[in-house]
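Trainee: I have a structure open and would like to talk it through with you. Could we begin with the overall layout and then turn to the inside?

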Amino acid sequence: MGYLCLEKGVKKELTEKQGYEVVLRYINEQNKPFNALTIFENLHKEVKKAYVVRILAQLAQDGKIVEKEYGKSKVYFADQSQFPEIDEAEFQKMDQEISALEEEEKSLQSEVGMLKNELKELDSALSEAELEKGIAEMTANIKRMEERVASLQSADVIDPAELANLRSEIARAEKIWRQRRSQCREVIGSMAEGMDKGDREVMEMIGLETEEELGIPLPFKR
């Protein structure tokens, strides 16, 4: 059974009452175990997921299908009393299908968890604008300190303590600069992968320029 159509051809989902017979017929025709999500997807979402859950519970309560609980999962299958007697091999096959459904559910839950963690990491990352600003600031600081070191080295008298302090600050600034530059490239890479584009294309889309394009010398190229 497909969607019901209105006069203007607009598709309409089945009502819960209509879905009752559709779900029952599907379970009896297939005669194998299902969970609510599998039925919802196999019916091409013609019956709302919330309806499917309620319909399955009602069908089980009405004694028209059988409900089994396996841990936190509920599995439904046709009432076997309406079919000719089946042998032990068929029962074993059904048990295997139930186990396969449980494994599929675990795999999906694991995948959902991984996606949630990935989304959380992306949400906590600095924005492209913040990274770009930080990189520009650190690059400017490094250049300023390098100029100061050069002026000290060209002077007749150099304070060793001041020179050592400046070199330490340059090293610290370069470390932070590299970290932020790496974060920026990771964000660009993630965006490019999600958009199925190259890193360079994404940088052009968001107006991001490299140090080379701006004529800023990279610290590690001194």
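This is a predicted model: local features need pLDDT of at least 70, side-chain atom pairs count only at pLDDT 80 or more; totals for chains, interfaces and linings use all residues.

Trainee: Okay, and how much of the chain counts as buried?

Mentor: Of its 222 residues, 27% count as buried, while the accessible surface of the chain amounts to about 15300 Å², with 50% of that belonging to carbon and sulfur atoms.

Trainee: Now the inside: which residues have the most contacts in the largest nonpolar core?

Mentor: That core is made of 21 residues, and Val23, Ile39 and Leu56 are the ones with the most contacts inside it. At least two of its residues come from each of helix H1 (16–30), helix H2 (36–42), helix H3 (49–61) and strand E4 (73–78).

Trainee: What about the second core, how many residues are in that?

Mentor: The second core, which is separate, has nine residues, among them Met138, Ala192, Val202 and Met203.

Trainee: Last topic: what share of the contacts between residues at least 6 apart in sequence join residues at least 24 apart?

Mentor: For the contacts you describe, the share joining residues at least 24 apart is 55%.

Conventions:
Residues are numbered from 1 along each chain as its sequence is written. Side-chain values use heavy atoms; hydrogens and water are left out. Buried means under 20% relative accessible area, exposed over 50%, partly exposed in between (1.4 Å probe, protein chains only). Contact means heavy atoms within 4.5 Å. Accessible areas come from the Shrake-Rupley method with a 1.4 Å probe; for residues, only the protein chains shown count as cover. A nonpolar core is a set of buried Ala, Val, Leu, Ile, Met, Phe, Trp, Tyr and Cys residues joined through side-chain atoms within 4.5 Å. Helices (H or I, at least four residues) and strands (E, at least two) are DSSP runs, numbered from the N terminus.
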